[in-house]
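Dear colleague,

Please find the structure below, followed by a short account of what was found in it.

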Amino acid sequence: MDNCLFCKIVEGSIPSNKVFEDDSFLVFHDIEPAAPTHVLIIPKKHIASMNDVQSEDFAMIGELHRVAQDVAVKLGVASTGYRLINNCGPDSGQAVAHIHYHLLGGTKLGALVQNSQSHA
């Protein structure tokens with residue numbers, strides 16, 4: 001996608017602080033971290049959101065979770081805990097229309113949503 005921020009990062013026209021890269025995925029530090037460890041895990045294939053994942057993409061989504069496990073180990077948060085978040089659509093706060101997961105850790109994380117008592 002010509003106007004996709006993450007596609008431009010994948011192609012290298014916008015720099016990123018890479019943590020991991022292979023033929024299918026790129027992991028890089030978020031420029032506005034919400035936790036001491038905050039990276040974005042993206043497939044190199046452009047898919048706008050989870051709603052746009054097709055049946056042929058499900059294996060890749062599974063592999064993305066393996067990448068998340070490996071990155072959590074590499075960044076030292078696997079043993080203490082981390083959060084893996086995928087925002088889908090405007091009400092969730094998805095700011096870039098390219099499927100991505102946030103991996104956050106390095107501290108005790110708060111509630112998933114404001115005013116939540118069940119996840120505090």
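A residue is called buried under 20% relative accessible area, exposed over 50% and partly exposed in between, with a 1.4 Å probe and protein chains only. The model is predicted, so local features need pLDDT of at least 70 and side-chain atom pairs pLDDT 80 or more, while totals for chains, interfaces and linings use all residues. Residues are numbered from 1 along each chain as its sequence is written, and side-chain values use heavy atoms, without hydrogens and water.

C88 is partly exposed, because its relative accessibility is 28%. With a disulfide defined as two cysteine sulfur atoms within 2.5 Å, the count is zero. For C7, the nearest cysteine sulfur belongs to C4, 3.6 Å away. C7 is buried at 11% relative accessibility. The sulfur of C88 is 15 Å from its closest counterpart, in C4, which is too far for a bond.

Sheet. Strands (E, at least two residues) and helices (H or I, at least four) are DSSP runs numbered from the N terminus; two strands pair if DSSP finds at least two bridges between them. Five strands form an open antiparallel sheet in the order β1-β2-β3-β5-β4. Each of the edge strands, β1 (18-21) and β4 (82-85), has a single partner, so one side of each lacks a neighbour in the sheet. Five antiparallel bridges join β2 and β3 (residues 37-43), and F25 stands opposite P43 in β3.

Both F6 and F28 are buried. F6 lies in helix α1 (residues 5-11) and F28 in strand β2 (residues 25-29).
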